[in-house]
Amino acid sequence: MALIDEITKRRTFAVIAHPDAGKTTLTEKLLLFGGAIHVAGAVKSNKIKKGATSDFMEIERQRGISVATSVMGFNYKDVKINILDTPGHEDFAEDTYRTLSAVDSVIIVIDGAKGVEAQTRKLMNVCRMRNTPVIVFVNKMDRPSKDPFDLLDEIEHELQIRVRPLAFPISSGDTFKGVYNIYEKNLSLFTTDERQTADAATVDFADIASPELDDYISAKFANQLREDLELVEGVYDEFNVEDYLRGELAPVFFGSAVNNFGVRELLECFIRIAPSPRKSPTESRAVEPSEEKMTGFIFKIHANMDPNHRDRIAFMKICSGTFERNKNYLHVRSGKQLKFSSPTAFMAEKKSVIDFAYPGDIVGLHDTGTFKIGDTFTEGEKLKFTGIPSFSPELFRYIENADPMKFKQLAKGVDQLMDEGVAQLFTSSLNGRKIIGTVGQLQFEVIQYRLEHEYGASCRWEPISIHKACWIESDNKEQLADFKRRKHSNMALDKHGRDVFLADTSYALALAQENFKDIRFHFTSEF
Ligand code: G4P
């Protein structure tokens with residue numbers, strides 16, 4: 001098959017949601033449609049159970065699941081779909097941000113009763129940075145839900161994106177009758193029997209004015225639906241796929257993932273409108289997927305579960321060309337030629353060695369500690385893909401060596417964990433002490449546990465009061481030098497030796513921004 005055909009048949013995306021909205025359930029139903037799994041319950045939730053923050057077995061269990069579900073590929077109607085999994089716990093949000101750098105679109109799941117929640121808002125901000133096209137699935141309509149128009153307003157307002165319903169629910173909770181599919185002009189009637197692959201009872205219904213509608217859902221709900229749809233047509237513009245592809249308009253579906261209701265409609269629309277691999281930005285130029293030469297970048301590194309082997313799996317997204325097993329590729333950062341004898345692809349929960357992979361595919365590469373997040377592979381060109389930034393961490397602690405005999409082990413462990421993107425390391429300009437910054441409390445425990453079990457090192461945490469770390473730069477060299485001198489005790493270097501300002505409070509940050517007008521303060525590492 002020609003490269004261009006391989007590209008057009010691929011859809012690489014992530015399902016994102018606030019914990020509990022139904023991400024795992026929806027993912028599983030999508031896999032059932034693709035025939036990739038055959039029984040419900042095959043996809044394990046990668047959530048860390050509530051209250052289990054100190055339960056390291058739980059963390060390990062979660063890590064085991066994340067390896068198995070990192071990428072779930074399946075075929076549906078000649079389309080090759082790659083679902084990239086994102087961690088179920090918000091303390092691992094940074095992992096999710098990075099995964100979003102490797103997808104071409106996302107499906108956002110929202111709980112119909114809860115509406116837009118905190119984590120959804122944060123993740124949407126990341127999608128917006130990259131203009132990622134999003135489709136919204138409002139889930140749990142079998143439960144009493146918010147009014148659909150209120151929900152649509154809330155999504156538009158809270159997620160800052162125009163919306164266009166392509167399906168509309170008929171009531172919710174006990175009286176949930178089903179969904180009218182505006183996109184397909186048919187009516188799906190809700191039944192609670194958990195049919196998993198069959199079409200739900202769907203009736204073609206191009207003309208909802210027909211009195212026949214009353215027979216299906218009663219006169220009361222039929223009239224309500226007619227009114228609602230009239231309002232939809234009055235309020236919302238026609239669905240424009242170009243606006244969706246630019247990340248400016250989100251089509252909205254309603255359903256109930258656990259009942260497999262509304263999922264087929266979502267998938268059908270998804271394969272038709274969701275983008276196939278798009279061009280990827282690099283520091284020097286944009287790379288088109290159809291370029292003959294292979295390029296790709298590493299967006300995730302996963303440590304092996306076996307503590308006796310420090311091997312890791314690096315996940316590479318193919319951006320252009322055809323990736324081949326046993327072919328030499330340039331690892332741009334080190335300048336070395338590397339080849340891979342057993343690159344793996346992921347189909348549902350299974351891993352297999354592959355000979356070829358195409359743009360949009362994710363390949364698992366065996367790594368003995370050489371790779372870092374963001375590393376680029378090419379056939380010789382010195383490219384560096386962008387759009388994989390580190391985000392300004394929110395929690396900080398000094399890391400201290402608790403075992404003087406194990407200094408080397410600690411340094412190596414910290415170094416490798418940082419390459420994996422578990423957290424960020426800063427070195428204080430004031431006292432040279434090492435500071436670890438994370439986005440969640442749990443990471444400190446994970447780091448300590450893994451240092452001990454994988455590297456035989458032992459660490460101790462000490463408190464430090466920092467509100468936010470931001471990268472600074474300026475064209476005004478004098479002002480920059482003055483700032484660094486005055487704020488000496490709040491300055492640090494990141495892993496790449498760049499200047500970072502550690503603001504004690506939001507007030508101190510605001511004041512610094514006010515007083516040093518020529519200095520740019522950045523909240524992501526890419527600027
Ligand atoms: P997450 O990955 O987004 O965190 O959510 P997950 O799919 O694990 O779903 C969270 C809970 O919501 C699960 O219940 C799941 O069964 C339920 N759920 C998902 N979709 C629907 C839906 O359409 N309607 C209703 N009523 N519930 C839904 P749980 O009790 O936490 O787990 P379980 O024991 O049922 O698996």
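User: Happy to look at this predicted model with you! What does pLDDT say about the protein chain?

Analyst: pLDDT is the predictor's confidence in each residue, from 0 to 100. On that scale the protein chain averages 87, and 89% of the residues score at least 70.

User: Where does pLDDT stay under 50?

Analyst: That happens over residues 50–54. For this stretch the model has six contacts beyond four places in sequence.

User: What makes helix H4 largely enclosed by the rest of the structure?

Analyst: A residue is buried when its relative accessible area is under 20%. Seven of the eight residues in H4 (residues 93–100) are buried, so the helix is largely enclosed. Those seven are Ala 93, Glu 94, Thr 96, Tyr 97, Arg 98, Thr 99 and Leu 100. Their packing partners include strand E1 (10–17), helix H5 (118–129) and strand E25 (424–428).

User: Strand E25 also belongs to a sheet of eight strands. Why are E27 and E31 called its edge strands?

Analyst: The order is E27-E24-E26-E25-E29-E30-E28-E31, in an open sheet with antiparallel pairing. Strand E27 (459–463) and strand E31 (519–522) each pair on one side only, which is what makes them edges. On average, neighbouring strands here are turned by 40° against each other, direction ignored.

User: How do you know that strands E29 and E30 pair?

Analyst: Pairing takes at least two bridges between two strands. E29 (residues 491–493) and E30 (residues 499–503) have three bridges, in the antiparallel sense, and count as a pair. In one of these bridges, Leu 493 has Asp 499 of E30 as its partner.

Definitions and conventions: Residues numbered from 1 in each chain as written. Predicted model: local features only at pLDDT ≥ 70, side-chain atom pairs only at ≥ 80, totals over all residues. Heavy atoms only, no water. Contact = heavy atoms within 4.5 Å. Helix = DSSP H or I, 4+ residues; strand = E, 2+ residues; numbered from the N terminus. Axes fitted to C-alpha atoms, helices over the stretch in contact; angles between N-to-C directions. Buried < 20%, exposed > 50% of the residue type's maximum accessible area, 1.4 Å probe, protein only.
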